[in-house]
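Please keep the sequence and the coordinates at hand while reading.

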Amino acid sequence: MAKTKNPDNFKSDGLVPATGVRTGLTVTDLKQSFLDNLFCGLGRIPMAATRNDAYTALALTVRDRVFKQGVQTMQEYARQDTRMVAYLSAEYLPGPHLLNNLLNLGIVEPTRQAMSELGLNLDNLAEQEEEPGLGNGGLGRLASCYLDSLASLEVPAIGYGIRYEFGIFDQAIKDGWQVEITDKWLRFGNPWEIVRPEIAYDVKFGGYSEPRMDDQGHYRVRWIPGTVVKGVAYDTPVLGYRVGTCNHLRLWKAEAVESFDFASFNHGDYYRAVEDKMRSENITKVLYPNDEVTEGKTLRLQQQFFFVTCSLQDMIRLHLLLKRPLEKFHEKWAIQLNDTHPSIAVAELMRLLVDEHQMDWKTAWSVTRNTFAYTNHTLLPEALEKWSVGIFGKLLPRHLEIIYEINAHFLDEVSARFPGDNARLERMSLIDESGGRYVRMAHLATVGSHHVNGVARLHSELLRQTVMYDFAELWPEKFCNVTNGVTQRRFVAVSNPGLAQLISGRIGEDWLHDLHQLRKLEPMAGEVSFQQQWREVKLAAKRDLAGLIEQRTGVKVNPESLFDIQAKRLHEYKRQHLNVLHILSLYLRLKHDPQANIPARTFIFGAKAAPGYFMAKLIIKLINSVADLINKDADIHDRLKVVFFPDFNVKNAQHIYPAADLSEQISTAGLEASGTGNMKFSMNGALTIGTLDGANVEIREEVGAENFFLFGLDSPQVQDIKSRGYNPHDIYEQNPALREVLDFIGSGVLAHGDKSLFRPLVESLLWHDPFLVLADYQSYMDCQAEVSKLWADTEAWTRKSILNVARMGKFSSDRSINDYCEMVWKVKPVPVD
């Protein structure tokens with residue numbers, strides 16, 4: 001248990017940090033606080049200080065002001081004995097903290113002036129900040145958007161996750177191929193976090209369970225672990241926008257219970273002396289280890305259980321500290337499971353209540369089911385986590401017993417409702433026995449939660465109709481939809497200050513906490529002067545990105561060309577290769593007819609491929625090979641440029657989203673749960689070309705069909721074409737333009753004569769094409785022709801760009817959090833003075 005005893009009954013009721021130099025917000029206070037942190041916190045003098053020293057001193061200066069509000073927030077929550085949201089996520093992508101915290105405190109300009117008076121540039125210091133790479137993509141960024149909105153809406157909340165020492169890899173491109181480089185985001189330390197060494201919990205693995213009867217004759221089970229590690233808390237403040245609320249993100253780091261074995265050291269066995277420390281710390285060493293081998297699978301399950309048990313033990317400690325009975329745990333805690341990664345929490349809360357706190361099973365199960373809610377993020381069967389019973393039982397033997405018990409009670413409930421339906425029992429069981437034996441984590445999360453939600457209306461409908469059909473039939477009231485959202489504060493105000501200033505200059509700043517206020521821009525969409533200002537802001541953002549592109553890749557691009565951008569995780573269903581087919585079609589058309597009416601376009605890709613995903617990495621190589629060919633072809637005269645922007649992350653995205661004219665959201669209909677990049681692009685004035693997939697459906701409804709470039713099969717059509725027997729080779733034979741492009745890729749021209757390099761990709765498209773790239777090719781080409789036509793009409797394009805921004809109110813993460821609070825969590829705001 002955490003060592004959190006209050007020394008000498010120290011009383012702090014009503015005490016808050018005084019406002020002074022250390023927490024004041026004036027230019028003078030900020031300058032003095034910065035110098036205090038530089039001199040006293042870092043022991044540096046200005047003439048010897050590096051840029052990182054200056055950044056760290058400024059970060060500590062801002063952190064003081066943030067934590068002042070954090071202390072007041074904690075005191076207010078304790079005083080009101082509030083119901084808390086606990087957001088459990090294996091991933092977070094918070095992005096850089098400095099500018100976001102300055103915005104939320106309302107001191108961007110005073111800080112800029114303070115730094116300027118000290119001879120420093122705020123933007124240069126902000127560029128120094130390392131980004132915490134604690135997630136792979138949209139899942140982690142969504143979690144961070146939600147923490148931002150929870151604080152901004154004054155909702156009592158805490159985020160729980162893992163403090164990975166090495167985050168998602170940094171991406172370099174060498175000879176066109178992705179190369180993964182270790183993400184050492186902590187190499188200079190992290191000035192935003194505070195370690196809490198006294199908040200630490202034992203985490204058990206392996207061993208066996210031992211049944212017994214207690215003194216009252218009750219059946220009890222004790223878990224005798226094989227190994228024990230320790231989880232230590234690291235807190236990062238999450239400040240709301242212009243409110244008193246400051247919640248926390250609490251991340252767990254794994255440490256050895258005893259970090260040094262003196263006995264082994266004294267016997268000359270130096271490796272064994274530190275072996276336990278190294279083995280323990282491996283659990284939080286790296287984000288998502290390669291799970292293609294058994295050791296990787298085991299480590300990934302260890303990571304998930306590690307942060308879940310630390311988080312639940314922490315909640316129970318806080319619950320008991322406030323003298324609340326555990327039977328009412330669910331009345332004070334609303335725990336959200338962000339995808340299946342934390343779903344082991346269902347079994348772990350049962351273990352803690354039943355085994356550690358001697359609660360009877362029936363009461364514990366009632367508490368558990370009324371505590372958890374589960375967000376599903378995928379319809380791809382392979383992405384719904386399953387663990388082999390062998391690995392699971394070896395690592396978590398007591399939890400496997402608990403899951404068996406939960407399953408037995410659950411299947412009894414199903415049998416009573418659907419007597420004699422053995423096929424249904426097999427489909428719904430928490431244990432998959434169709435080939436080997438596996439624990440179905442999505443089923444565990446669904447059975448152990450009071451609500452299950454999808455993340456876009458289409459996704460939630462398909463969830464009920466497909467992978468969760470049986471559960472939705474059993475418990476229709478359990479299923480709901482909460483469409484994802486993104487925070488306008490980071491992805492417009494911080495990322496695109498020029499646009500934010502233009503908007504605020506016309507309608508005020510209320511849109512920063514109520515995005516529906518952007519509707520006030522609609523009457524201005526046709527104003528000539530406003531359109532001109534709008535285009536100037538966009539061009540400035542494109543020039544900024546063009547500069548970065550030349551700096552990072554050496555490619556010079558024309559900022560006045562159409563910036564056509566696809567920036568997201570690389571996966572075949574997201575269909576970056578469909579985009580490539582269009583680019584090559586334009587290229588070949590220009591080669592055949594140099595006078596063809598094709599407006600200048602710059603195609604920009606940003607994407608990371610999972611290290612073990614061969615086809616995704618081959619697509620990155622294809623993009624770079626196409627870029628190399630087109631960018632060096634003098635015949636094209638800069639009418640087409642192709643850029644692969646390396647290392648797509650939040651920091652780089654803040655330059656990319658504002659610069660987009662066209663947003664590529666072209667996934668196969670029915671496969672993208674929601675997407676949030678689509679919202680970020682639209683919020684920054686990009687027009688979308690996309691399918692009726694994920695949140696695209698709702699974006700098109702909101703912005704207007706006339707302001708959205710729609711193409712491709714919809715979800716029912718996708719299912720229909722597959723059910724009738726899809727033959728992509730027929731499309732290849734029937735479409736001369738498509739045939740020319742695929743033959744061109746297969747000819748070896750893009751690979752210095754090597755016809756074998758891209759053969760796996762071409763053959764997959766010709767004979768399998770699981771994501772219907774060829775089926776949607778012609779529709780995509782026709783739609784892109786409409787894009788080119790509209791681009792030629794500057795005023796019409798600008799009007800649609802303005803209307804896209806004006807109608808994005810629904811897609812703020814503030815709206816998403818309000819939906820969760822009302823439909824799922826039943827939590828109300830608690831204002832902090």
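Predicted model: local features only at pLDDT ≥ 70, side-chain atom pairs only at ≥ 80, totals over all residues.

How many cavities of 30 Å³ or more does the structure hold? There are seven of them. By class, the lining of the largest cavity comprises six nonpolar, seven polar and three charged residues.

The second largest cavity has a volume of about 120 Å³. Its lining is formed by 15 residues, and those nearest the centre are Y55, E130, G189, N190 and P191. Helix α2 (residues 51-80) provides the largest share of this lining, with three residues. Seven nonpolar, six polar and two charged residues make up the lining of the second largest cavity.

## Helix packing

| Helix pair | Angle between axes | Distance between axes |
|---|---|---|
| α22 (residues 576-592) and α29 (residues 736-746) | about 100 degrees | 10 Å |
| α21 (residues 528-553) and α32 (residues 794-806) | about 80 degrees | 10 Å |

On the α22 side, the contact is made by L581, L584, S585, Y587, L588 and H592. These residues meet L738, E740, V741, L742, F744 and I745 in α29. The contact of α22 with α29 contains nine nonpolar residues, two polar residues and one charged residue.

For the other pair, α21 and α32 pack at an angle of about 80 degrees, so α21 is roughly perpendicular to α32. The α21 side of the contact consists of F530, Q531, W534 and R535. The α32 side consists of T794, E795, T798, R799, S801, I802 and V805. The residues of the contact of α21 with α32 are four nonpolar, four polar and three charged.

Helix α30 (residues 759-767) has buried residues at L761, V762, S764, L765 and L766. Which helices do the buried residues of α30 pack against? Their partners are α22, α23 (614-631), α28 (728-734), α29 and α31 (773-791). After α30 comes D769, which has a positive phi near 45 degrees.

A172 belongs to strand β3 (residues 170-174). Is A172 buried or exposed? Its relative accessible area is 16%, and A172 therefore counts as buried, the cut-off being under 20%. Leaving aside residues up to four places away in sequence, A172 touches W177, Q178, V179 and I181. A172 and P646 are 474 residues apart along the chain, yet their C-alpha atoms are separated by 6.1 Å.

D175 is located in the loop between β3 and β4 (177-181). Although D175 is not a glycine, its phi is positive, at about 55 degrees. D175 is exposed, because its relative accessible area is 64% and the limit for this class is over 50%.

## Further individual residues

L186 is found in the loop between β4 and β5 (194-205). With a relative accessible area of 17%, L186 is buried. Residues up to four places away in sequence not being counted, L186 touches R163, Y164, E165 and E193. L186 and G133 are separated by 53 residues in sequence and by 9.8 Å in space, C-alpha to C-alpha.

K826 lies in the segment after α33 (813-825). K826 is not a glycine, but has a positive phi of about 55 degrees. The relative accessible area of K826 is 54%, so K826 is exposed.

Methods. Residues numbered from 1 in each chain as written. Heavy atoms only, no water. 1 Å grid on protein atoms, 1.4 Å probe; cavity = no way out; pocket = protein on both sides within 12 Å on 5 of 7 lines; lining within 4 Å. Points joined across faces, edges and corners; volume = space filled by probe spheres on them. Nonpolar A, V, L, I, M, F, W, Y, C, P; charged D, E, K, R; others polar. Helix = DSSP H or I, 4+ residues; strand = E, 2+ residues; numbered from the N terminus. Buried < 20%, exposed > 50% of the residue type's maximum accessible area, 1.4 Å probe, protein only. Contact = heavy atoms within 4.5 Å. Axes fitted to C-alpha atoms, helices over the stretch in contact; angles between N-to-C directions. Parallel < 35°, antiparallel > 145°, perpendicular 65-115°, else oblique.
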